[in-house]
Amino acid sequence: MPNNDKSSLLIMDLQNGIASRFAEEDLIPFQKAIEAARKNDIPVIYVRIAFREGYPELNPRNNMAARISQYGGMTTTDIATQIHDSVRPEPGEPIVTKLRVSAFSGSDLEIILRSLQIDTLILTGIATSGVVLSTLREAADRDYQLKVLADACLDGDPEVHRVLVEKVFPRQAEVLTTEAWIHSLGAQ
């Protein structure tokens, strides 16, 4: 049976200030997914979190906002918010800037997805319990078909990662390894 979906690979929060907390070998599944997506003409969309100077988007009642404004950085021009070199975008691959945890929150992601007529999202990112969880929930509510590449999701807490990919995500998404996803592309 042919696969008629129009997919996009989301590479979420693989920016210097976040990806640098992990070893280079932890980023290999992301690199493999990006390479496979490009070879199969699947759009790759990068998502990062960044704010304007002075943080006008951050409400002091928000715990995340209070920490960011207290410690500084994370502005749109800060090196910490730039996409990590190991997964550098190619010309024409969009970089979406979000303002909260979900990739949809405060960004133009939905407009890009609609313009590309995307109906299936392949989710990857750091952290599994942050951007991946929040984006999965919101994307499911927006009726996207979802796939999560479990080994291309990282979290500072391995047990939280395990519970999410084994017990929570399968309720709303197909969860598979990067290699299994790449193999499925050849079968289409």
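## Helix α5 and the sheet

Helix α5 (residues 128-141) lies across β1 (7-12), β3, β4 and β5, and runs at about 160° to β4. Contact here means heavy atoms within 4.5 Å. Axes are lines fitted to C-alpha atoms, for helices over the stretch in contact, and angles run from 0 to 180 degrees between N-to-C directions. Helices (H or I, at least four residues) and strands (E, at least two) are DSSP runs, numbered from the N terminus.

A word on the source: this is a predicted model, in which local features need pLDDT of at least 70 and side-chain atom pairs count only at pLDDT 80 or more, while totals for chains, interfaces and linings use all residues. Residues are numbered from 1 along each chain as its sequence is written, and side-chain values use heavy atoms, with hydrogens and water left out.

The open sheet has 6 strands in the order β3-β2-β1-β4-β5-β6, with parallel pairing. Two strands pair if DSSP finds at least two bridges between them. Which strands stand at the edges? They are β3 (95-98) and β6 (174-176); each has a single partner strand, so one side of each is left without a neighbour in the sheet. From one strand to the next, the twist averages 25°.

## Around strand β5

Let us follow β5 and its partners. Strand β4 (residues 120-126) pairs with strand β5 (residues 145-154) in the parallel sense over 6 bridges. Along this pairing, L123 stands opposite V148 in β5, and G125 stands opposite C153 in β5. On β6, the bridge partner of V148 is V175, and β5 and β6 pair in the parallel sense over 3 bridges.

β5 is mostly covered, with 8 of its 10 residues buried. Buried means under 20% relative accessible area, exposed over 50%, and partly exposed in between (1.4 Å probe, protein chains only). β4, α5 and β5 make a right-handed β-α-β unit. The chain also crosses from β5 through α6 to β6, and this β-α-β crossover is right-handed. A crossover is right-handed if, with the strands pointing away from the viewer, the path from the first strand over the helix to the second runs clockwise.

In helix α6 (residues 158-168), the buried residues are H161, L164, V165 and V168. Seen down the axis of α6, they fall within an arc of 120°, so they line one face of the helix. The arc is that of the directions from the helix axis to the C-beta atoms. These buried residues pack against α5, β5 and β6. At the start of α6, a side-chain oxygen of D157 reaches to within 3.0 Å of the backbone nitrogen of E159.

Helix α3 (63-71) has M64, A65 and I68 as its buried residues. Seen down the axis of α3, they fall within an arc of 95°, so they line one face of the helix. What covers them includes β2 (44-49). The face turned away from this buried side carries the exposed residues N63, Q70 and Y71. After α3 comes G72, whose phi is positive, near 80°.

## Backbone details in the loops

Most residues other than glycine have a negative phi, and most peptide bonds are trans. Where is a cis peptide bond found? One joins I126 and A127, with omega about 15°, and A127 sits in the loop between β4 and α5.

Two residues other than glycine have a positive phi: D13, near 60°, and D143, near 70°. Are they buried or exposed? D13, in the loop between β1 and α1 (16-19), counts as buried at 6% relative accessibility. D143, in the loop between α5 and β5, counts as exposed at 67% relative accessibility.

T75 lies in the loop between α3 and β3 and is buried, with a relative accessible area of 7%. Leaving out residues up to four places away in sequence, T75 touches A50, F51, R52, E53, Y55 and T81.

K32 is found in helix α2 (residues 28-39) and is partly exposed, with a relative accessible area of 38%. The C-alpha atoms of K32 and G92, 60 residues apart along the chain, are separated by 19 Å.

Terms used: A polar contact is a pair of N or O atoms within 3.5 Å; within protein, one must be able to donate a hydrogen and the other to accept it, and residues adjacent in sequence count only if both atoms are side-chain atoms.
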